[in-house]
Amino acid sequence: FNENRAVWQHLMGDDVWRIDYQMAPDADPAEVSRESVVRERLARQFGADCEVEIVWVGPYAYRSECIDRMRDGPVFFMGDAAKVVSPFGARGGNTGIADADNLAWKLAAVLRQEAPASLLESYHEERHEAARENVRVTARTARFLRPADGAERVLRSAAIALARQHPFARQLINTGRMAIANPYTASSACAANGGRPVQNVALAWADGSAGTLNDLLAWSGSRLLLLAFGPLGAPALARLRSLSRQAPVLCVQVVERDGSAQATEHVQDAACRLRAACHLPSIAGGWALLRQDSYLAAAGDFIDGALVQAVATALGLNRATHAEVTA
Ligand SMILES: Cc1cc2nc3c(=O)[nH]c(=O)nc-3n(C[C@H](O)[C@H](O)[C@H](O)COP(=O)(O)OP(=O)(O)OC[C@H]3O[C@@H](n4cnc5c(N)ncnc54)[C@H](O)[C@@H]3O)c2cc1C
């Protein structure tokens, strides 16, 4: 019913179906968007007696482009102004929001003079890596759906033919890979074990009432959130108090399993969900430093100088020192 070209359909809010028809390369966008032409196409797919209320019709073309730099002085590029991707896997709008999420807390920290302006450079480092990856993934889907002649077309035809009978080939059918929170592997604001998204999980507040990691992040306001797992001795408690006095960091002890709290500010996590969400190994102890955009800045074993270094890195202070030294 669409001359062997692709059709996507999915149910959206308000019980509205969105149906995307791939047009012939030489189709006239104005002509194919005319209501009578649209109704004729719908009748071919659903039958002439199917009643349809048309909410919106709009032609669009795939575009795949990425800016070279996400920042030019005081101007930050985000969303579609920074990159445009083919609409597969919901990577356009979602990653635009992630751009804003990434920059917002950094701008706030700089404006409050809690971090140097050089922290803002990590916006480009992190979100440009994400933008390039999203362009790559969506372009690959676009090529699967509209392959070039030769090897691409042979691979696609083989995958579709095999998928009818062989489950392994179904994984090769690429109609879109859903958006993810992209990892940051080359950020000057993250430690080597950081730059990974942290999933929102359930926890219990000190009084036993239900909460979530997002609630904890909201509580920390504009500060970094340090989660210290397991029992804490007096020296560690003193260092955490000192850290939260001297840096924009909210320190919270995570009491796991049937442990007990030593810090006033603590949460309970009997099932060790927070530890898993923070990508920590399943042995006792350790800490995780989280940013306002729900990314792990760093993780470590002991409340010592490495933690102080991690806080400095997350706030762009090491980068500033480095720039000053090399200037
Ligand atoms: C058919 C289609 C389906 C899509 N489906 C999804 C999906 O399911 N999930 C998803 O995550 N993404 C999807 N996307 C992508 C998503 O819509 C975009 O990535 C997202 O809207 C980009 O947001 P933005 O704010 O960066 O830009 P825009 O949404 O383009 O917003 C920019 C705004 O700026 C305004 N503007 C422009 N110039 C000026 C000016 N000079 N002065 C003042 N205002 C100006 C524009 O009018 C517009 O309102 C889809 C895109 C298309 C085309």
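Mentor: We shall take a hairpin, a pocket, a helix and a cavity in turn. Please keep in mind that this is a predicted model.

Trainee: How do strands E1 and E2 run, and how many bridges join them?

Mentor: They run antiparallel, and five bridges join E1, residues 7-11, to E2, residues 17-21.

Trainee: Which residue of E2 stands opposite Trp-8?

Mentor: That residue is Asp-20.

Trainee: And what lies between the two strands of the hairpin?

Mentor: Five residues separate the strands there, and Asp-14 in this hairpin takes a positive phi near 60°.

Trainee: How does the lining of the largest pocket divide into nonpolar, polar and charged residues?

Mentor: There are 25 nonpolar residues, three polar and seven charged.

Trainee: Changing topic to helix H10: which of its residues are buried?

Mentor: H10 covers residues 305-314, and its buried residues are Leu-307, Ala-310, Val-311, Ala-312, Thr-313 and Ala-314.

Trainee: What is found at the start of H10, and what just after H10?

Mentor: At the start, Asp-304 places a side-chain oxygen within 3.0 Å of the backbone nitrogen of Ala-306. Just after the helix, Gly-316 takes a positive phi of about 75°.

Trainee: Finally, how many cavities of 30 Å³ or more are there?

Mentor: The count is one cavity. The largest cavity has a volume of about 40 Å³.

Trainee: Which residues line the largest cavity?

Mentor: The lining consists of Trp-105, Ala-109, Glu-114, Ser-222, Arg-223, Leu-224, Pro-248, Arg-291, Gln-292 and Leu-315. By class, five of these are nonpolar, two are polar and three are charged.

Trainee: Which domains do they come from?

Mentor: Domain 2 (65-170) and domain 3 (196-326) each contribute at least three residues to the lining of the largest cavity.

Note on methods: Residues are numbered from 1 along each chain as its sequence is written. This is a predicted model: local features need pLDDT of at least 70, side-chain atom pairs count only at pLDDT 80 or more; totals for chains, interfaces and linings use all residues. Side-chain values use heavy atoms; hydrogens and water are left out. Two strands pair if DSSP finds at least two bridges between them. Helices (H or I, at least four residues) and strands (E, at least two) are DSSP runs, numbered from the N terminus. Ala, Val, Leu, Ile, Met, Phe, Trp, Tyr, Cys and Pro count as nonpolar, Asp, Glu, Lys and Arg as charged, and the others, Gly among them, as polar. Buried means under 20% relative accessible area, exposed over 50%, partly exposed in between (1.4 Å probe, protein chains only). A polar contact is a pair of N or O atoms within 3.5 Å; within protein, one must be able to donate a hydrogen and the other to accept it, and residues adjacent in sequence count only if both atoms are side-chain atoms. On a 1 Å grid over the protein atoms alone, a cavity is a set of points where a 1.4 Å probe fits but cannot get out, and a pocket is an open set with protein on both sides within 12 Å along at least five of seven lines; lining residues have an atom within 4 Å of a point. Grid points are joined across faces, edges and corners, and a volume is the space filled by probe spheres set on the points. Domain bounds come from an automatic or database domain assignment.
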